[in-house]
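Here are some notes on how the two chains meet. Please read them with the structure open.

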Amino acid sequence: MNYTLDFLPVIDGLPSLLAACLGTLGLALGGMILAIIIGVGGVMLRDSGIRQVRWLVIAFVELIRNTPFLVQIYFIYFALPLAGIRLDPTPTAIIALGINGGAYAIEIIRGGVQSIGKGQIEAGLALGLHKTQVFRLIVLKPALRAIYPSLTSQFILLTLTTSVASAIAAYELTSVAQRIESDSFRSFEVYGAVTLFYLVMSWLLMRIFGLIQSRYLSYPVK
Amino acid sequence: MTNHATTPPAATDTPMIVMESVEKWYGGFKALTGINLSVRAGEKIVLCGPSGSGKSTLIRCINHLEAYEKGAIRVDGITLGDDSSTIDAVRREVGMVFQNFNLFPHLTVLQNCTLAPMRTLRQGRKEAEATARRLLDRVKILEQADKYPAQLSGGQQQRVAIARALCMGPKVMLFDEPTSALDPEMVKEVLDTMVALAEEGMTMICVTHEMGFARQVADRVIFMASGEIVEEAPPEVFFSKPSHARTKQFLGEILRGH
Ligand SMILES: Nc1ncnc2c1ncn2[C@@H]1O[C@H](COP(=O)(O)OP(=O)(O)OP(=O)(O)O)[C@@H](O)[C@H]1O
Ligand SMILES: [Mg+2]
């Protein structure tokens, strides 16, 4: 059997594939922002000293980390309307990605916070700062710096996970590729191109993460 | 650092710090067993004693870094309660310098000094920076203002930590073994800074085993053991005629160590 490559459908579909890459990056960016908010907020709540809140955060993290993302996104997509909230697939996907990424971010950021010496916190308190100020102004940045590599690889994973959002037909690269593939039957060519696009997007994000690190998170250490 | 230090302001009779029967437990372990201590405004106290005797615990109770179970503490007339308002008020009056400096690594020297005044005293950036520069100059480190802590030597870091505490305009300074983590050649620069501060009339409690410093500036030397104040006396008396066996033994060990 001889398979002849035919990239014409890919080339014809290029504008929509590239546009879909932006969709993917949009989902990823929205998901990351939400994940950071949930991650930092979750760590603050977890360490707030209120027992019920602490357990709620732990339960949330366990629930999310021990169930498949596909199920989570379906659940949110089909459960929200039952609660009277109607959202388009794309915002739904962002929420699902943010919640999923947020649960992992809580665990990662907490590790960073725990790596900060008690002396730093005490110095802040002795200067009259409140607990939340100490967290925000003294602990957070060194903590993020400490776990930055883990957090960014989690965010790369989150970016790749956006492809699962094709299951609810959110606007992103994989779902657009699926459409072109089913119109043209050029599976190898289409998914070959898509693989390359994901690779480039990951690489681009890593570069951006690197820039953010050197701009905002670097300072001399011993 | 100072030009009016020839006549050190005498300690007055107003108590700046009062501790009454303060008891502190760590779980089942009693770390402070009824501490009574009164420190007059302008007085300089050196606190010494063997490891684990409760020196750090005592001074950390004064700014409520440690909660205590029994007794009362008053600082400049403010009775320390468990509510955050009195704790805030006391912390505004009390500066603390730690053994390991505890400078914030992600902030420059100047930012280390302006952070708390801007946040807790609501000073504007200009005002906070002016104060910080003045105090950094006083500890002779103004030229390092834009460096990060990791770029400084231990002695320089500790002087920044002193300036940072002074930026809050405290009435009391607590020092917890400020020179113990330093290389020997840097001890002097930090002690000199502390001596100058003492000469300007700051109320100070210093946990330190630098007996030269104690002789030079202390009004009283207090010896602690097992969570108790065992002996207190002016330095001349403390070093020449200690009355308790444990003090004598401790002094013997300290002097042998030097
Ligand atoms: N967080 C804690 N939990 C339990 N025990 C503690 C804690 N902090 C201090 N202790 C105990 O309380 C006692 C007094 O400790 P503290 O740190 O005040 O001693 P110290 O006189 O400052 O000693 P050092 O010279 O070693 O600094 C010690 O026996 C110590 O083991
Ligand atoms: Mg100690």
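1. Seven residue pairs are in polar contact across the interface of chain A and chain B, both residues at pLDDT 80 or more. A polar contact is a pair of N or O atoms within 3.5 Å; within protein, one must be able to donate a hydrogen and the other to accept it, and residues adjacent in sequence count only if both atoms are side-chain atoms.

2. Two elements give two or more residues to the side of chain A that touches chain B: helix 5 (118-126) and helix 6 (131-161) of chain A. Helix 5 gives the most, with seven residues. Helices here are DSSP runs (H or I, at least four residues), numbered from the N terminus.

3. This is a predicted model: local features need pLDDT of at least 70, side-chain atom pairs count only at pLDDT 80 or more, and totals for chains, interfaces and linings use all residues. Residues are numbered from 1 along each chain as its sequence is written, chains are lettered from A and ligands numbered from 1 in the order written, and side-chain values use heavy atoms, without hydrogens and water.

4. The rule finds one salt bridge across this interface. B:R60 and A:E122 form a salt bridge through their side chains, at 2.7 Å, N to O. The term needs a side-chain nitrogen of Lys or Arg within 4 Å of a carboxyl oxygen of Asp or Glu.

5. How many residues of chain A are in contact with chain B? The count is 21, against 26 residues of chain B. Contact means heavy atoms within 4.5 Å.
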